[in-house]
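Here is a friendly first tour of the structure shown below. Please take a look at it, and then read on for a few places to start.

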Amino acid sequence: AQLSCLARLLADKNLTADFRSFPPDLLLFFDPSEVRPGTCREFYARASRGSLDLLQRGSPERKRLLRGALTCLGVRGSRLEPQQLGSLGALVCDTEPGSIPASAPAILEKLKLCPALTGPQQDALNALLLTADTAYGHPSSWDLRTLQDLGPLVLALNQTTLSLVAEAAREDFRRSMAAAYSSQGRSQREKPLILLRALAAASASSHPRLKRSADRCLSKPITASSIEDPLLTTEYTSEQFRLCLSNDVFIENLVTLLDQPFPTAYSQILKEKVDEIFPLGIPKEQLKCLGSLSELYTEQEISRWPVTSSDTLAALLSPSGAGCEGSQAQQLLSRYQALGGSLTGPLLWEIGGERLCKLQEEQIQQIPAEAIGTAGPLNISSCSQSKKEQLYRKAREAFAGSPGPYYCRIQLYLGGAPAEDLKDLANAGVAINMDLDTFLALNPAELQKLSVTDVKNLLGKNLRELKKAEEEPSVRSWVEKQFQRELDCVLGIDLQGGLQEPTATTTTARPTTSARVTLVPTTVPPDPT
């Protein structure tokens, strides 16, 4: 949020032309419309070296950045040429899946810059590799060196592609991955572990399984030393995992086990063991360790948890822990509040805007305004209108201050603002320069109450963007309530569809049998505006 506000201030001072003196991370927040055509290639090449994760994937800001880059580079259609790929850099991570097979082969090297590919992008990547029309050749010809050269792209390979790789190459790569896995921190292990299981599944599919008895452990008993083995779940079926993991080893290594990203079938076994060992309820210290295991608990089970501390709640909601979601998160928060807990700023950050929107209005009402002020930016776009209004009132109280910095902080909550407050912003005497996405997210009912001058003052330098959105229902409805002459004179962006002002007219009085015909001029006074 601070970077965004800083970029806005720099743009207002017309410093966009001096972008070479700013770090790439800051350039991500510049308005693409301010970038000069003559230097746009250099601008986007520099901006692409910034940390794209600063902008939420799929956010309007990130989409605008890619659109601006594609326009600057003259991209037509899906194909990206080598020179265009060079300027796009990591921005290629947001391109449509169809661009992957349609572009020059060099796109594979740029895709290595992506922290993660979407499902459709992964499908397109695998389809491209299966054509053998890349520098890596057909998967059946790959060896250990080829798999290593693929770098992070190997994490996107599906089982179909992996099954075509020679078994010896798969096994060599699996062992090298296992060695690297053991040296990584726990937060870095999830993706490699998924790949290790995919490699094991590809190998298993080529070997028929022996029918085994399910009433006793047929492998080596699981010990403390074998729990962190990345190949553990590839060496034990889920049933053998249950039979070979004793309760004593489980309870002694509870934290380590619950920190592992096990497949669902294995996680279910761990849950059963937790419930077996703690039949009267899970203690608070063990609750903090549940991590992704908490996803398997029902709302009724969660309603009995002793969630009395903010630390416990944060651990169960943590994104890195893949904790409770949806109705489970709602029940968890209800339980925490019922036991006297208060939602603080750091907790709201852990909850996130999407989960916050799923709370009941009564729960939102209990959130203190100061918590909103210290929570950081929360995306509440998925909230109902009444919840947006609740959160806006709290944010207004928390962020009250000078208009400039105030707008930067209140911006995400303006979807709940009444027209009176929007008018105050428009007439505060400070350049707001509201972006189009924020404008379109305003309450449509309140938008209709704004005057033409209000809208002009709110949008500021972004006023011309409104023309692009004139077919949006809320904008169209607003335009139809304004006089066309005022739209033309005040805005001057060719918005059409406004009201025509009344003009002087002449009417004829109806004659009667005893009266003669007379002409009565009737003049309608013009609107004061």
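Glycine 415 is buried, with a relative accessible area of 11% (buried means under 20%, with a 1.4 Å probe and protein chains only). This is a predicted model, in which local features need pLDDT of at least 70 and side-chain atom pairs count only at pLDDT 80 or more, while totals for chains, interfaces and linings use all residues. Residues are numbered from 1 along each chain as its sequence is written, and side-chain values use heavy atoms, without hydrogens and water.

**Around glycine 415**
- You will find glycine 415 in the loop between helix H26 (403-410) and helix H27 (419-426); helices are DSSP runs of H or I with at least four residues, strands are E runs of at least two, and both are numbered from the N terminus.
- Beyond its neighbours within four places in sequence, glycine 415 is in contact (heavy atoms within 4.5 Å) with Gln385, Lys388, Ala441, Leu442 and Asn443.
- Phenylalanine 439 lies 24 residues away along the chain, and its C-alpha atom is 8.5 Å from that of glycine 415.

**A bent helix**
- H22 bends by about 75° at isoleucine 351, the bend being the angle between axes fitted to the seven residues ending there and the seven starting there.
- Ile351 is one of the buried residues of H22, which also include Leu347 and Leu348.

**Confidence**
- The protein has a mean pLDDT of 82, and 81% of its residues reach 70 or more; pLDDT is the predictor's confidence in each residue, from 0 to 100.
- Over residues 506-529, pLDDT stays under 50.
- Where pLDDT is low, the predicted coordinates should not be read in detail.

Methods: Buried < 20%, exposed > 50% of the residue type's maximum accessible area, 1.4 Å probe, protein only.
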